[in-house]
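Me: I'd like to go through this model with you, starting with the metal sites and moving on to the packing. Can you take my questions as they come?

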Amino acid sequence: MTSTRGRRRLYGVLLAALVWALPLPAVGQESASPPAVEELESPEGISSRAYRSELERAWVEGGSEPAARAAAARKRGLELGFLSIETPARALLLENGSGPELSNGRLAVMLAPRLPLAHVALARTLWEEGEYTGAAFALWDALVAIPRNLEASLWLGGSLLAMFAAVVSGASLVFMVLTGLSVGRVAAHDLGDLVSRDMPEFARVALLGCLLLLPLWLGEGLLGFGLGLFAAGVAFGTASHRKALALAAVLLVLGLYPLARFAGSALLALETDAVALAALSVATDTESPAELSWLERFEDSDPLAQHALAVRARRKGDLEDATARYTRLAEVRPDDAVVLNNMANLRFLSGDVNGAIDLYERAQVQAVSPVLLFNLSQAYGRAIRVEDLRATLERAQAASPALLGELSRPGDANLVADLPIPPRRLRQRFLSADTGEVFAHALRAPVAPGWLGRGWPYAAGAFAGVFVLMVAVSGRWRHSGTCMRCGTRLCARCHGTVWSGHMCDGCHRLFQRAETTNAKMRMTRLKELRVRERRRNQIGDLLSFAVPGTAGLLARRPDLAYVAIVLCGWVLVSAVWRHGVVPDPLTLGVAGSLAFLLTSAVAAVGYTIVLAVSLAARRNL
Ligand SMILES: [Zn+2]
Ligand SMILES: [Zn+2]
């Protein structure tokens, strides 16, 4: 399911990390032969001093020790607007020889707090060192980092939605089948009466079976088969059966249509919008030449492309180009706080302090950001506006003391920090890029290959129509029943009048009017019935444990049956898709499987509780 475009980006991310992890020649020393990967990066033969960004320069020239390089990259990263610096973090995780692994893991987490993979790597090394509590906390941090990482959250959200869509639609179909089967004998008898009252039992069952298989033969697949059993369940079930069946039908249609589409649009998000993907690559400093050419193609028509190119120019140290691009962008988005802040930073660096203050002040009307306030305070400081400086620093301190501390630590009067392309904006672009219909169709095709699978109005209309029709006609004939004591068929049409739909004449006499029966024969009959009852209970217990949902139906609680099937389905699906529905974008490591395992464990506990409640309800019948 992963496309070439997404995979190419993954290769780019890995290649960048690999380049950064390679031992580079010491600064100032001319290398006789440039490293091989540099050649790979630039076939035209740019010298080994040509960095892809200022961030890479900070990393490479930061020193020989990983800690020094990480600190230099972190400072430069803050300045260039990186929320999480993934490439050096990945490089540290690839580098095993140059330092103790534990310290590399900690540095990776410091550099890329939003990269779940870094937390997972730290957890693994902590575990190997015997620090089990620390490892557990690091794994927890990995889970917490998922929603803050765009690629990881799209992948996990898409996978969970796809699993949910598959579970609710599958569980609804299974529930319809079980409910249909539970009323099958009564339905078969009443249907047979329509043809002939002398019809033998097996012929009645065969007739009903043929009718139920008709939709399959017509090419409507499992959904059509489910619709037939749904009709039987509504016609012959009780009011609580009907409620649970209506809920199942609604969730079935929701699962097959909108939920599957949402899942598809999240899972395929990174495949459709080439400009947004290229902007994401710029945001993680891993853009490829192909992605760059996409951005250049759309720089005039797509503000996101212009924004990404401005960010890239700034990171390459081309302040003139960055200024020109931000100025053009500000014409389209005059109220964009990110654009205003980054433009102000460029003015500040060029020495135009008052121009910078003007832009910072315009930006802070639009958004509250500790980074923006810090920058403004730096500009006030340079303009020697002491009172404004103090007030602004106080506001920045209140907004985020930790971030302010990190920004102030270098004590650099020239340090101003860019704001990144808002991840929210990228997420919206990605989610609106693909309708998800391709994925939804793939999920639906095996279940609904026919007319019912054409669109949600077809499926919803069919289920609603059948429901209304069955409710309307089911009161028009006397339903046959079964004796609760001996299992005899009770039918007013076949046996003249029956006085109860639940107990035959013989059993009524045996239990309610014992004086009219022969004592010896009564004892024999009661013994037979007790044996039958015990056998029925044993089979019921066996089915309750073997087939999810049976316990609820036997307890006459269809609602519990449906919930049990959904929970059991979740346990199954999360085990099958424990590595996600599509391959993980190399941002999560085991954190993804851990997230699925946690939901699976919760579902398993829920299933056990529902099963226990159903068994208890059956005992109390
Ligand atoms: Zn009976
Ligand atoms: Zn009959």
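Me: How are the donor residues of the zinc ion (ligand 1) spaced in sequence?
Reply: The spacing is C-x2-C-x17-C-x2-C, and the coordinating atoms are the SG atoms of Cys483, Cys486, Cys504 and Cys507, at 2.2 Å. Donors here are N, O and S atoms within 2.8 Å of the metal (3.2 Å for Na, K and Ca), and water is not among the atoms, so sites may look incomplete. This is a predicted model, in which local features need pLDDT of at least 70 and side-chain atom pairs count only at pLDDT 80 or more, while totals for chains, interfaces and linings use all residues. Residues are numbered from 1 along each chain as its sequence is written, chains are lettered from A and ligands numbered from 1 in the order in which they are written, and side-chain values use heavy atoms, with hydrogens and water left out.

Me: And why is the arrangement around the zinc ion (ligand 1) tetrahedral?
Reply: Because its four donor atoms subtend angles of 99 to 116 degrees, and four donors count as tetrahedral if all angles lie between 85 and 135 degrees.

Me: Where do cysteine 483 and cysteine 507 sit?
Reply: Cysteine 483 is in the loop between strand 1 (481-482) and strand 2, and cysteine 507 is in helix 27, 24 residues apart; helices (H or I, at least four residues) and strands (E, at least two) are DSSP runs, numbered from the N terminus. Cysteine 483 is buried at a relative accessible area of 3%, as is cysteine 507 at 1%, where buried means under 20% relative accessible area, exposed over 50% and partly exposed in between (1.4 Å probe, protein chains only).

Me: Is histidine 189 buried or exposed?
Reply: Histidine 189 is buried, with a relative accessible area of 5%, and cysteine 491 is buried too, at 0%.

Me: Changing topic, how many residues does the largest nonpolar core have?
Reply: The largest nonpolar core has 66 residues, and those with the most contacts inside it are Phe175, Met176, Leu223, Phe230 and Phe463. Such a core is a set of buried Ala, Val, Leu, Ile, Met, Phe, Trp, Tyr and Cys residues joined through side-chain atoms within 4.5 Å. Helix 9 (residues 150-182) gives the largest share of this core, 11 residues.

Me: What does methionine 176 touch?
Reply: Leaving aside residues up to four places away in sequence, methionine 176 touches several residues, including Leu229, Phe230, Leu252 and Phe463, where contact means heavy atoms within 4.5 Å.

Me: Last one, where does glutamine 306 lie?
Reply: Glutamine 306 lies in helix 17 (residues 303-315) and counts as buried at 4% relative accessibility. Residues up to four places away in sequence not being counted, glutamine 306 touches Glu299, Arg325, Arg328 and Leu329.

Technical notes:
Four donors count as tetrahedral if all angles lie between 85 and 135 degrees; four count as square planar and six as octahedral if opposite donors are over 155 degrees apart and all others between 65 and 115; anything else is irregular.
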